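Dear colleague,

I am handing over the structure that we spoke about, together with a written account of what was found in it. Please read the notes below with the model open beside them.

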Amino acid sequence: MTFLQQFYLLASRRSAFLANNAARAFHRSDALCKVEDRKAMLASLPSKDEGTVGERSIDIDSMIDKKVNIFPDATTPSALFNGVPFNEIPICHIRVSPNNTIISITDAKGVPQFIRSCGIEGFKNTRKGTNIAAQATAISISSKAIERGYKTVRVTVRGLGPGRMSAIKGLEMAGLNIISITDTTPVSWNPPRPRKQRKL
């Protein structure tokens with residue numbers, strides 16, 4: 001073997017060795033970059049909205065001093081709203097979860113008249129759980145209710161999620177008159193143990 005052949009053989013082995021090590025280093029750094037990118041992405045995400053952001057606080061003490069009747073009492077079922085007794089006014093049930101919002105309007109006896117959800121409205125996957133989807137759903141169902149002749153409704157909200165306030169806002173925007181809002185979220189006195197915290 002000549003000197004030149006030995007030189008080319010060593011050069012080719014050296015270039016193969018460097019290429020192999022460079023590929024290893026590249027893959028190692030690529031994995032580190034992915035972890036760092038993920039951490040940066042998670043840090044830049046907005047804080048999770050449980051549906052309580054934007055709720056207005058009302059100074060109840062000042063209303064009590066003014067003798068405004070804001071709490072239900074024994075006369076509430078027979079109280080007239082636009083000429084209709086309270087217990088004969090249709091009910092709008094808003095079922096909120098982190099992944100979807102389901103809105104149904106029933107008559108005073110509880111028989112469903114309309115049911116709409118964010119999925120029926122055309123929102124797919126994670127967009128169903130947004131406040132914009134809940135507001136759009138509320139606007140569409142309330143426009144149908146207004147066509148049917150409903151003007152005044154009672155609202156019951158159940159569950160926690162981004163669509164709580166925006167669904168009520170959508171009903172109001174479409175022109176329905178809301179006379180009472182009731183929160184029927186089930187609260188357990190001895191809830192199950194929460195999940196362990198995510199390790200990021």
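Helices (H or I, at least four residues) and strands (E, at least two) are taken here as DSSP runs and are numbered from the N terminus. The model is a predicted one, in which local features need pLDDT of at least 70 and side-chain atom pairs count only at pLDDT 80 or more, while totals for chains, interfaces and linings use all residues. Residues are numbered from 1 along each chain as its sequence is written, and side-chain values use heavy atoms, with hydrogens and water left out.

Overall content

The protein has 5 helices and 7 strands, and from the N terminus on its elements follow the order α-α-β-β-β-β-β-α-α-β-α-β. Of its 200 residues, 24% count as buried, where buried means under 20% relative accessible area, exposed means over 50%, and partly exposed lies in between (1.4 Å probe, protein chains only). The exposed surface comes to about 14,900 Å², of which carbon and sulfur atoms supply 58%; accessible areas come from the Shrake-Rupley method with a 1.4 Å probe, and for residues only the protein chains shown count as cover. Taking contact to mean heavy atoms within 4.5 Å, 64% of the contacts between residues at least 6 apart in sequence join residues at least 24 apart.

The sheet

An open sheet of mixed pairing is formed by 5 strands in the order S5-S4-S3-S6-S7, two strands being paired if DSSP finds at least two bridges between them. S5 and strand S7 (177-183) stand at the edges with a single partner strand each, so one side of each is left without a neighbour in the sheet. The twist from one strand to the next averages 20°; axes are lines fitted to C-alpha atoms, for helices over the stretch in contact, and angles run from 0 to 180 degrees between N-to-C directions.

Strand S3 (residues 91-96) runs antiparallel to S4 and is joined to it by 6 bridges, with Arg-95 opposite Ile-102 in S4. Strand S4 (residues 101-106) pairs in turn with strand S5 (residues 112-117), again in the antiparallel sense, over 5 bridges, and here Ser-104 stands opposite Ile-115 in S5. The hairpin of S4 and S5 has 5 residues between the strands, and among them Gly-110 takes a positive phi near 100°.

Phe-114 lies in strand S5 and counts as buried because its relative accessibility is 11%. Not counting residues up to four places away in sequence, Phe-114 touches Ile-103, Ser-104, Ile-105, Ile-141, Lys-144, Ala-145, Arg-148 and Tyr-150; the C-alpha atoms of Phe-114 and Ala-145, which are 31 residues apart along the chain, are separated by 7.8 Å. Thr-156, in strand S6 (residues 152-158), is likewise buried, with a relative accessible area of 15%, and its contacts beyond four places in sequence are Ile-91, Cys-92, His-93, Ile-94, Thr-182 and Thr-184.

The helices H4 and H5

H4 lies across S4 and S5 and runs at about 155° to S5. The axes of helix H4 (residues 131-148) and helix H5 (residues 164-174) come within 7 Å and cross at roughly 35°. The residues of this contact divide into 9 nonpolar, 6 polar and no charged, where Ala, Val, Leu, Ile, Met, Phe, Trp, Tyr, Cys and Pro count as nonpolar, Asp, Glu, Lys and Arg as charged, and the others, Gly among them, as polar.

In H5, the buried residues are Arg-164, Ser-166, Ala-167, Ile-168, Gly-170 and Leu-171, and what covers them includes S3, S4, H4, S6 and S7. Just after H5, Gly-175 takes a positive phi of about 115°.

Backbone angles in two loops

Most residues other than glycine have a negative phi, and most peptide bonds are trans. Asn-82 is not a glycine, yet has a positive phi of about 55°; it sits in the loop between strand S1 (80-81) and strand S2 (84-85) and counts as exposed at 61% relative accessibility. Asn-125 also has a positive phi, near 55°, and is found in the loop between helix H3 (118-121) and H4, where it is exposed with a relative accessible area of 64%.

With kind regards
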